[in-house]
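Have it open beside you while you read the points below.

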Amino acid sequence: MDIQEAQARLESLREILNQYNYEYHVLDKPSVPDAEYDQKMQELRQIEEEFPELVTPYSPSQRVGGEPLDAFEKVTHRVPMLSLG
């Protein structure tokens, strides 16, 4: 895969994964099984590892989740909740 092919595939994967994240985190209605999401995320990470110059801060591999549902109660933690990843 050359850099142009990698760029095109990354754009496609990012669009798909952003949609999956929105459906899961915001709508609470996932449209794909976790295994399919994980496979696409792994492919995204592999391409970004091979072409680190194509990594962006907006890539699904560089952030977690989406906006929470309004139905969730907001809580202030005494100790900040940090990502385990």
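1. Start at serine 61. Setting aside neighbours within four places in sequence, serine 61 is in contact with Met41, Leu44, Arg45 and Glu48, where contact means heavy atoms within 4.5 Å. Serine 61 sits in the segment after α2; helices (H or I, at least four residues) and strands (E, at least two) are DSSP runs, numbered from the N terminus.

2. A word on where this comes from. This is a predicted model, in which local features need pLDDT of at least 70 and side-chain atom pairs count only at pLDDT 80 or more, while totals for chains, interfaces and linings use all residues. Residues are numbered from 1 along each chain as its sequence is written, and side-chain values use heavy atoms, with hydrogens and water left out.

3. Is serine 61 buried or exposed? Serine 61 is buried, because its relative accessible area is 17%; buried means under 20% relative accessible area, exposed over 50%, and partly exposed in between (1.4 Å probe, protein chains only). The side chain of serine 61 also makes a polar contact with the side chain of glutamine 62, at 3.1 Å. A polar contact is a pair of N or O atoms within 3.5 Å; within protein, one must be able to donate a hydrogen and the other to accept it, and residues adjacent in sequence count only if both atoms are side-chain atoms.

4. Now look at glutamate 48, which is found in helix α2. With 6% relative accessibility, glutamate 48 counts as buried. Its side chain makes polar contacts with the side chain of serine 59 at 2.7 Å and with the side chain of serine 61 at 2.4 Å. Leaving aside neighbours within four places in sequence, the residues in contact with glutamate 48 include Leu10, Val55 and Gln62.

5. How many salt bridges are there? The count comes to 2, taking a salt bridge as a side-chain nitrogen of Lys or Arg within 4 Å of a carboxyl oxygen of Asp or Glu. One joins the side chains of glutamate 48 and arginine 14 (2.9 Å, N to O). Glutamate 48 lies in helix α2 and arginine 14 in helix α1, so this pair ties together parts that are 34 residues apart in sequence. Arginine 14 is buried, with a relative accessible area of 11%.

6. Another salt bridge joins the side chains of glutamate 43 and arginine 9 (2.8 Å, N to O). Glutamate 43 belongs to helix α2 and arginine 9 to helix α1, so here too the pair ties together parts 34 residues apart in sequence. Glutamate 43 is buried at 19% relative accessible area, whereas arginine 9, at 26%, counts as partly exposed.

7. Next, the two helices themselves. α1 and α2 pack at an angle of about 145°, with their axes 10 Å apart; axes are lines fitted to C-alpha atoms, for helices over the stretch in contact, and angles run from 0 to 180 degrees between N-to-C directions. Residues making the contact include Ala6, Ile16 and Asn21 of α1 and Glu36, Tyr37 and Lys40 of α2.

8. Finally, the core. The largest nonpolar core has 11 residues in all, among them Leu10, Leu13, Leu17, Met41, Leu44 and Phe51. A nonpolar core is a set of buried Ala, Val, Leu, Ile, Met, Phe, Trp, Tyr and Cys residues joined through side-chain atoms within 4.5 Å. α1 (3-26) and α2 (34-50) each supply at least two residues of this core, and α1 gives the most, with 5 residues.
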